[in-house]
Amino acid sequence: MKISVFGMGYVGVVCSACFARRGHQVIGVDINSDKIEAIRRGEAPIVEPGLPELLAEVAGKTLQATTDVGEAVRQSDISFIAVGTPSKSNGDLDLSHVRGVCEQIGLALRDKADGHIVVIRSTVLPGTLRNLVLPTLESFSGKVAGRQFHVAVNPEFLRECTAIRDFDNPPFTIIGADDDATALRVASLYDGLPGEVIVKAPEIAEMIKYTCNAWHATKVAFSNEIGSVAKIFGVDGREVMDVICKDKSLNVSSYYMRPGFAFGGSCLPKDVRALTYRAMQRDLQLPLLYSMLNSNQEHIRRGLDLIMQKPARRIGLLGLSFKSGTDDLRESPFVELGERLIGKGYDLRIYDRNVEHARMHGANREYINNRIPHLSNLLVGSLDEISDHAETLVISYPDPEFRSFLPRIPEGKTIIDLTGIEAGVQHPGYQGICW
Ligand SMILES: NC(=O)c1ccc[n+]([C@@H]2O[C@H](COP(=O)([O-])OP(=O)(O)OC[C@H]3O[C@@H](n4cnc5c(N)ncnc54)[C@H](O)[C@@H]3O)[C@@H](O)[C@H]2O)c1
């Protein structure tokens, strides 16, 4: 394919050289003529292992470089935007380079036969393709996106210093596009590379890039805080983290990685609290670990807000224990949710067959009847009973009984799903907490 790449920075120059090595005809574009001259000479404008050798191999053959936007657009079928998206002083994303390059590409598209694809490779927040890139291209080209030209998002995952190896071994290739034909054309550029090609809506693709970086930052900060708190106990945090990473079922896995409701139970809150308290006693600040409990409280408040946004006063809570399949109510976020609802005068009923059983027979009987009589008195014996009572049904955790009850919930009711009970619920009154 004939490709133009706008922005010869770390991302643009590496992917230009790698596309050129794969046999595509590539034109690198930058406003900085020194970078263009360097690339023309086959010299790397940035420090990146392996890049000088690669540029020496492809420059002047499958890789050309220019400052002329019109020429680059005319001579290519697909344009990648890899300009910088730095921070503004207030932390917001500075999209001025993206806007500028879209204006230039748009003008160049005026005189070009239809069919060009513009792909945003720079890291941009969800909605940027649809709300900035696409309208800017349309207004400067006078053409219609989706008909006369096409747009896509294709975020970059390479790391400086291992950029060429990362290009050749992507964890996955993410393409955000509204039409399959455009996605397929972009995907074809990576034919034969490892990793799954995943096509999503543009906003999801944009969000995936931010989520990866936020996750990587969390991992670094988390490991540093664990290392620091381990040290006050005289423990080497490196040994601890080495072992942590061996657990591929709970620790380094997709477990606990689905958006849903707050954590609770007899362990997580207690143990995070103990660790951060002991660190505080030793004047060790652990802002990330410390913020976990605040974050959890904030999430409970969001759940409450979601329920309170509805005018309904009669609420049914499906599930009270801290998770499915247990009667354990210790630090259950649903107990807190229920208490706050009662406190605000809502007419609440609760269904939880495990807690109901424990109230009658189990070891928790005393706790349930004496410590939370205000909630245990609201327990009902069946899902039909709670559905008859409630205008809003709140699903706490993923229980097969709740799942099979979904089709029987009448259309006039509201369902607030705190857990992601199942994908694609069709009920008209359905609302999820994070989706
Ligand atoms: N650096 C990384 O490791 C990395 C990794 C993944 C994603 N990203 C993202 O990729 C994007 C690019 O990052 P980078 O580090 O390569 O940026 P960079 O600052 O190194 O390079 C950006 C280049 O764009 C050029 N430019 C600006 N306006 C232009 C225009 N109108 N036309 C042509 N060129 C223009 C600049 O002169 C500069 O050479 C950013 O959104 C960044 O967040 C970076």
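**Exercise 1. State how the chain is divided into domains, and how far apart the domain centres lie.**

Solution. The domain assignment of the chain gives domain 1, residues 2–205, and domain 2, residues 298–432, where the bounds come from an automatic or database domain assignment. As a next step, take the C-alpha centres of domain 1 and domain 2, which lie 49 Å apart. The model is a predicted one, in which local features need pLDDT of at least 70 and side-chain atom pairs count only at pLDDT 80 or more, while totals for chains, interfaces and linings use all residues. Residues are numbered from 1 along each chain as its sequence is written.

**Exercise 2. Describe the chain as a whole by its secondary structure, its span and its buried residues.**

Solution. Begin with the secondary structure, which comes to 18 helices and 13 strands; helices (H or I, at least four residues) and strands (E, at least two) are DSSP runs, numbered from the N terminus. The C-alpha trace then spans about 80 × 60 × 40 Å along its principal axes. Finally, of the 435 residues in the chain, 35% are buried, a term that applies if 20 or more other C-beta atoms, placed from the backbone, lie within 10 Å of the residue's own.

**Exercise 3. Work out the strand order of the open sheet with 5 strands, and say which strands stand at its edges.**

Solution. The order is β10-β9-β11-β12-β13, with parallel pairing, and two strands count as paired if DSSP finds at least two bridges between them. Strands β10 (347–351) and β13 (430–432) stand at the edges, and each has a single partner strand, so one side of each is left without a neighbour in the sheet. From one strand to the next the twist averages 20 degrees. Looking at one pair, β9 (residues 314–318) is joined to β10 by 5 bridges and runs parallel to β10, and Arg314 stands opposite Asp347 in β10. Helix α13 (residues 333–343) packs on this sheet, where α13 touches β9 and β10, and its direction makes about 155 degrees with that of β10; such angles run from 0 to 180 degrees between N-to-C directions, the axes being lines fitted to C-alpha atoms, for helices over the stretch in contact, and contact requires C-beta atoms, placed from the backbone, within 7 Å.

**Exercise 4. Characterise the shell of residues around the ligand.**

Solution. The ligand is surrounded by 26 residues, of which the closest are Gly7, Gly9, Gly84, Thr85 and Ser122; a residue is near if its C-beta atom, placed from the backbone, lies within 6 Å. Both α1 (10–21) and α5 (96–110) supply at least two residues of the shell, and the largest share, 4 residues, comes from α5.

Key
Contact = placed C-beta atoms within 7 Å. Nonpolar A, V, L, I, M, F, W, Y, C, P; charged D, E, K, R; others polar. Buried ≥ 20, exposed ≤ 12 C-beta atoms within 10 Å, placed from the backbone.
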